[in-house]
Amino acid sequence: MPIRTLAHLSDLHLDLTPASDAAARALVEALQAGHVDHAVVTGDLTHQGSRTEYARFQELFSPLLDTGRLTFIPGNHDRPGEDVGGTWLEGHKVRAVERPGLFLVCVDSTGEHNRNYFASHGELTRDTLDQVDAALDTAPVDALVAVLLHHHVLPLPEESFPERLATRMGWPHASELPLGAELVTRAQGRCDLVLHGHRHRPNDCLLDTAEGRPLRVFNAGSSTDLGRFRVFGHSEGRLAGDPVWCRTTRSETPRTASHNVRPALQYLVTQLGMALF
């Protein structure tokens, strides 16, 4: 059987600036040049949840969208503002997507609290876990099975001062999903990949199972910041070796904290206006 490829991107944070557009175009060019069979984006496509930002994503990624080679889910940054990400799964918390050689369990790990720009943490309930269970039960035996969600399921180090402060204060903003570890336990032996984003530095974890079907958990990081993304080869429902990094023509350019200052101020002004008038 031929080896197919799956690319994992996340945290694009498209904000309508020239730099943002250029980073996204470079990703699409790399996906096209690598003849990737399918790509997934695990949330935070937009920076402020606006329709204009989402329209820009659709324009930039049209070569993959128009050919049915792209699957995406919402992240916390897709929920403030106009809440563009709130409709992407058509009101469902879990939805299965089948593509040649792939079975993707798409999970919306955002909640209504994410309408608040500062409340970045995720939400995962036992009902959602039960829906993931039911979806995994229907996975074809000859397909690579991946669970997609935005927020991290296992603990990861804080990456910024606000995250460290939130942890010190006992706030949930920087924490992993409360039932994330249980999701991983339920997926073991029935799933090959758990793919997420949210944290901007890439990470991965290999979990062995008694059934002989390893489960690997991958954080993509911010693909636009990194200028690269992982590509998984798969055949007959199993991974074909380790993933490889595909680099774009742009060098790694991590965003500074100032990237969040303007939208945070805009959010505060909007909330103040609503409270006064």
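Predicted model: local features only at pLDDT ≥ 70, side-chain atom pairs only at ≥ 80, totals over all residues.
Ser235 stands opposite Arg238 in strand E11. Two bridges join strand E10 to strand E11, residues 238–239, and the two run antiparallel. Strands pair, in the sense used here, if DSSP finds at least two bridges between them. Helices (H or I, at least four residues) and strands (E, at least two) are DSSP runs, numbered from the N terminus. In the hairpin of E10 and E11, two residues lie between the strands, and Glu236 takes a positive phi near 50°.

Residues are numbered from 1 along each chain as its sequence is written, and side-chain values use heavy atoms, with hydrogens and water left out.

Let us stay with E10. Which other strands does E10 pair with? E1 and E10 pair in the antiparallel sense over five bridges, and Arg4 stands opposite His234 of E10. E10 also pairs with strand E12, residues 244–247, in the antiparallel sense over four bridges. There, Arg228 stands opposite Arg247 in E12.

Is strand E10 mostly covered or mostly uncovered? Strand E10, residues 228–235, is mostly covered, with eight of its eight residues buried. Buried means under 20% relative accessible area, exposed means over 50%, and partly exposed lies in between (1.4 Å probe, protein chains only). In a regular strand the side chains alternate between the two faces of the sheet. In E10, Arg228, Arg230, Phe232 and His234 point one way, while Phe229, Val231, Gly233 and Ser235 point the other way, and all are buried.

Strand E1 leads us to E2. Four bridges join strand E1, residues 4–9, to E2, and these two run parallel. The bridge partner of Ala7 in E2 is Ala39. Strand E2, residues 38–42, is mostly covered as well, since five of its five residues are buried. His38, Val40 and Thr42 lie on one side of E2 and Ala39 and Val41 on the other.

I turn now to another sheet. Six strands form an open sheet in the order E4-E5-E6-E7-E9-E8, with mixed pairing. Strand E4 (94–99) and strand E8 (203–207) stand at the edges, each with a single partner strand, so one side of each is left without a neighbour in the sheet. The twist averages 15° from one strand to the next. Within this sheet, strand E5, residues 102–107, runs parallel to strand E6, residues 144–148, and five bridges join them. Leu102 stands opposite Leu144 in E6. Helix H4, residues 126–137, lies across E4, E5 and E6 and runs at about 170° to E5. Axes are lines fitted to C-alpha atoms, for helices over the stretch in contact (heavy atoms within 4.5 Å), and angles run from 0 to 180 degrees between N-to-C directions.

Next, two residues deserve attention for their backbone angles. Most residues other than glycine have a negative phi, and most peptide bonds are trans. His35, in the loop between H1 and E2, has a positive phi of about 50°. His198, in the loop between strand E7 (193–196) and E8, has a positive phi near 80°.

The structure holds one cavity of 30 Å³ or more. On a 1 Å grid over the protein atoms alone, a cavity is a set of points where a 1.4 Å probe fits but cannot get out; a pocket is an open set with protein on both sides within 12 Å along at least five of seven lines; lining residues have an atom within 4 Å of a point. Grid points are joined across faces, edges and corners, and a volume is the space filled by probe spheres set on the points. Asn76, His77, Pro80, Asn114, Asn116, Tyr117 and Ala119 line the largest cavity, which holds about 30 Å³ of space.

The second largest pocket holds about 220 Å³. Its lining has 18 residues, and Ala19, Ala23, Thr224, Thr253 and Arg255 lie nearest its centre. Helix H1 gives the most to this lining, with five residues.
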